[in-house]
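Subject: Structure handover

Hello,

Here is the structure I said I would pass on. Please look it over before reading the notes below it.

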Amino acid sequence: TLLYSSNVSGEYEPCGWKSNQLGGLSGKAHLLKKLNDDQQPLILVDAGNLLFKTALTVGAATNDTTSLIIAHGLVRAYKAMSYDAVAVSADDLSAGLDFFQQTKNASFPWIAANVYDKNANLLFPPHVIKRIETMTVGIIGLTGKNVQSVAGFIIGDWRDSLRKEIS
């Protein structure tokens, strides 16, 4: 079973659009526990835009204690749910490189095949390989550009990075 999520945008509770909604982190964790109890083989991925409700200027999150607490809480929750990979979005980059370095060893893999530092060094693993039973799956992280500046990061063309990863 492949479970995909994206655009959590720093929200950990249901968004409230409908009555009796099952969303939010607790709803997601409950669904995953049920699937694990049923011993379903799972691949769990998120396409990014996980950490913040609105795009911040790169590094601004380091001055926003509430945003950082929520972002760290989301990382811990995703680790507890055993996410296999989370792609890094341009908005997620507003946490700053230090945030990702702090969470690198204590969480799921952040992946991005096209995010570089000023010296053109890749900042994240470009992909992960997941083996479930007799199947092997490659998961590639690709970061799109947004209108807002992502100072301190170079986001390369995702199409070029994708071609490189699949060749």
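The notes below go from the whole chain to single residues.

This is a predicted model, in which local features need pLDDT of at least 70 and side-chain atom pairs count only at pLDDT 80 or more, while totals for chains, interfaces and linings use all residues. Residues are numbered from 1 along each chain as its sequence is written, and side-chain values use heavy atoms, with hydrogens and water left out.

Overall

The chain has four helices and eight strands; here helices (H or I, at least four residues) and strands (E, at least two) are DSSP runs, numbered from the N terminus. Their order from the N terminus is β-α-β-α-β-α-β-β-β-β-β-α. Of the 167 residues, 41% count as buried, where buried means under 20% relative accessible area, exposed over 50%, and partly exposed in between (1.4 Å probe, protein chains only). The chain exposes about 9800 Å², and 53% of that comes from carbon and sulfur atoms; areas were computed by the Shrake-Rupley method with a 1.4 Å probe, and for residues only the protein chains shown count as cover. Among contacts (heavy atoms within 4.5 Å) with a separation of 6 or more, 71% are between residues 24 or more positions apart.

Sheet and hairpin

Four strands form an open sheet in the order β1-β2-β3-β4, with parallel pairing. β1 (2–5) and β4 are the edge strands, each with a single partner, so one side of each has no neighbour in the sheet. Strands are taken as paired if DSSP finds at least two bridges between them. β3 (residues 85–87) and β4 are joined by two bridges and run parallel, and Ala 87 is opposite Ile 111 of β4.

Strands β6 (residues 127–132) and β7 (residues 135–140) run antiparallel and are joined by six bridges. Within this pair, Ile 129 has Gly 138 as its bridge partner, and Ile 132 stands opposite Met 135. The two strands form a hairpin with two residues between them, and Glu 133 in the turn has a positive phi of about 50°.

Cores

A nonpolar core is taken here as a set of buried Ala, Val, Leu, Ile, Met, Phe, Trp, Tyr and Cys residues joined through side-chain atoms within 4.5 Å. The largest one has 31 residues, and those with the most contacts inside it are Leu 50, Leu 51, Phe 99, Phe 100 and Trp 110. Helices α1 (24–37), α2 and α3 each supply at least two residues of this core, and α2 gives the most, with six residues. A second, separate core of seven residues includes Ile 43, Ala 85, Ile 111 and Ile 132.

Helix α3

The buried residues of α3 (residues 97–104) are Phe 99, Phe 100 and Thr 103. They lie on the same side of the helix, because they cover an arc of only 95° around the axis; the arc is that of the directions from the helix axis to the C-beta atoms. An α-helix has 3.6 residues a turn, so residues three or four places apart point the same way. The buried residues of α3 pack against α2 (65–80) and β4 (110–111). On the face turned away from the buried side are the exposed residues Asp 98, Gln 102 and Lys 104.

Thr 103 is buried at a relative accessible area of 4%. Not counting residues up to four places away in sequence, Thr 103 touches His 72, Val 75 and Trp 110. The side chains of Thr 103 and Trp 110 also make a polar contact of 3.1 Å. A polar contact is a pair of N or O atoms within 3.5 Å; within protein, one must be able to donate a hydrogen and the other to accept it, and residues adjacent in sequence count only if both atoms are side-chain atoms.

Positive phi in loops

Most residues other than glycine have a negative phi. Ser 82, in the loop between α2 and β3, has a positive phi near 65° and is partly exposed at 47% relative accessibility. Ala 120, in the loop between β5 (115–116) and β6, has a positive phi near 70°. Ala 120 is exposed, with a relative accessible area of 53%.

Regards
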